[in-house]
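The stops below go from one element to the next.

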Amino acid sequence: MSPWQVIFRREFRAYFATPLAAVFLVVFLFMSGVFSFSMGGLFERGQADLRSFFQFVPWLFLFLAPALSMRLWAEERRLGTIEVLTTLPIPLWHAVVGKFLAAWFFSLVALALTAPLWMTVSWLGDPDQGVIVAGYIGSAMVAGIFLAIGGFVSALTKNQVIAFVVTIVACFLVLLSGFPLVLNFFRDWMSSGAVDAIASVSVLTHFNSLMRGVVELRDVVYFASGICALMVATTFVVDWRKSA
Amino acid sequence: MRELISANNLHKSFAELHAVKGVTLQVNAGEVVGFLGPNGAGKTTTMRMLTGFLDPSQGNVLLDGFSLADDPLAAQKTFGYLPEGAPAYPEMTVRDYLQFIARARGIPRREIAGKIGEVAGRMHLRGVLDQVIETLSKGFKRRVGIAQAIIHDPPILIMDEPTDGLDPNQKHEVRELIRAMGSTKAIVLSTHILEEVEAVCTRAVVIAAGRVVFDGTPEEFELLAPASVTRNRMDYVFRQLTATAAEVTL
């Protein structure tokens, strides 16, 4: 086993050692059901697709991903176990990546458990399976970027509540930077190039194109490079603040 | 004798505080060094620099010939470390935790169960292997911390207050264990208990206000007390050494 796998295994199991895993999964599935059926009108729309579910996924993860990521480093620092972890003969980035992947894999499990929705629309109609797959890819990407942001914030503090709140705010900003509300505000006094630049860092812009079934290289590159950059930044922050 | 720990002129400054001011320490295999000093003298900071948890502001550390700054992974393979307070993941069972440490230390899969059995036997943890760490008493937690540090049988052991929180019987056992391991390893342990130094250490290093103020055998340490002092001679020497050092810095 490579060191990151050792860390991954421990972290993933740690979610199930507390009620966190169960609470998270129940809330995630309950909320995704409420959103899809009551607010998204999954049945009323009369269309065999999962748009009414996917459009709420970023908002769901906005509040739930920080709950998964807040403990990643803040807890290590509060318990002092970071002193054991960082003096083991493993490269620090293995620990950073292993922890992130554990949180990400957990969120993928949550997404996988929404499969009954997929089965329902497939049974009721004849949905475009490619669009649904793209939607799931987009959802996984959003979870990934939020968890990477959350891991980074968690490395900055000892306090999980602070990590949770700050992560929500940070994710909210990257989510919202693609909203017409925000973009119109900038459009009045900025060049269209600058507005496009702001829109291009938005999670929502990239997610929406995936949700429509368009898997474009630039969207995948956006999420992948965002996650990688945050891994590097987290490694630096952990190294810099591990003893603080 | 093989020189396993070589720390040269270590300094550590935090924002306003110059916590460690030039500590030099050489430890050979077969030596058990008792690291003494008042609270805040820089013991924990020095140990953290020996393990790479803290980077020294100045100076360098060689562990079994590997530079902690240039080749941290090779250097960190050479030691086991019990940090202050014996931190461990509270939600894990003792067995899972030791398994995690063994895997992270790269012990081959087929040897792991055997190693866990071995350290559990030595640290008297057999009965609690499947218990969750947060439910254990302070003494058991401390022993889990020591077990974690010795599971890979490292040539170097660095332990911050290994007997803190143990009852007299457990203290005795841990001291016996340290003495037994001390014949082949280089061991550095910090303590507040002067008798402990006499009981297990081959060498005493006293640190006060960030500097080494004494480095010698426990016998030499005790002989610093004038003949007129007949009781608690080590306490007397400790107070003299650390009080003057504190005054110098004021």
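Predicted model: local features only at pLDDT ≥ 70, side-chain atom pairs only at ≥ 80, totals over all residues.

**Stop 1**

Strand 1 (residues 3-14) and strand 4 (residues 58-63) of chain B run antiparallel, paired over five bridges. Further along, Ile5(B) stands opposite Leu63(B) in strand 4 of chain B.

Next, select strand 2 of chain B. Nine bridges join strand 2 to strand 1 of chain B, again in the antiparallel sense. Here Ser6(B) stands opposite Gln26(B). Follow the hairpin between strand 1 and strand 2 of chain B: two residues lie between the strands, and Ala15(B) takes a positive phi near 20°.

Zoom out to the whole sheet. This open sheet has four strands in the order 2-1-4-5 (chain B), with antiparallel pairing. Strand 2 (17-28) and strand 5 (66-67) of chain B are the edges; each has a single partner strand, so one side of each lacks a neighbour in the sheet.

**Stop 1: Ile5(B) and the core**

Select Ile5(B) again. What does Ile5(B) touch, leaving aside residues up to four places away in sequence? The contacts are Leu25(B), Gln26(B), Val27(B), Leu50(B), Leu63(B), Ile156(B), Ala186(B) and Val188(B). Ile5(B) is also among the residues with the most contacts inside the largest nonpolar core, along with Ala147(B), Val188(B) and Val205(B). That core has 142 residues. Its largest share, 14 residues, comes from helix 9 (residues 129-156) of chain A.

**Stop 2: the six-stranded sheet of chain B**

Display the other sheet. Six strands form an open sheet in the order 6-7-8-3-9-10 (chain B), and the pairing is mixed. Strand 6 (79-82) and strand 10 (211-216) of chain B stand at the edges with a single partner each, so one side of each is left without a neighbour in the sheet. The twist averages 15° from one strand to the next.

Pick out strand 6 and strand 7 (residues 156-160) of chain B. They pair in the parallel sense over four bridges. Tyr81(B) stands opposite Ile158(B).

Two helices come next. Helix 5 (residues 138-150) of chain B packs on the sheet, touching strand 6 and strand 7, and its direction makes about 165° with that of strand 6. Helix 6 (residues 168-182) of chain B also packs on the sheet, touching strand 3 (32-36), strand 7 and strand 8 (186-190). Its direction makes about 150° with that of strand 8 of chain B.

**Stop 3: where the chains meet**

Show both chains. 19 residues of chain A are in contact with 20 residues of chain B. On the chain A side, helix 1 (3-17) and helix 6 (81-85) each supply at least two residues. Helix 1 of chain A gives the largest share, five residues. By class, this side of chain A has 11 nonpolar, six polar and two charged residues.

**Stop 4: a helix pair in chain A**

Finish with helix 2 (residues 20-39) and helix 4 (residues 57-69) of chain A. They pack at an angle of about 175°, with their axes 11 Å apart. The two helices are therefore roughly antiparallel to each other. Select Phe24(A), Val27(A), Phe28(A), Met31(A) and Ser32(A) in helix 2 of chain A; these meet Leu60(A), Leu64(A), Ala67(A) and Leu68(A) in helix 4 of chain A. The contact divides into eight nonpolar, one polar and no charged residues.

Terms used. Residues numbered from 1 in each chain as written. Chains lettered and ligands numbered in written order. Pairing = 2+ DSSP bridges. Axes fitted to C-alpha atoms, helices over the stretch in contact; angles between N-to-C directions. Contact = placed C-beta atoms within 7 Å. Core = buried A, V, L, I, M, F, W, Y, C linked by C-beta atoms within 7 Å. Buried ≥ 20, exposed ≤ 12 C-beta atoms within 10 Å, placed from the backbone. Nonpolar A, V, L, I, M, F, W, Y, C, P; charged D, E, K, R; others polar. Parallel < 35°, antiparallel > 145°, perpendicular 65-115°, else oblique.
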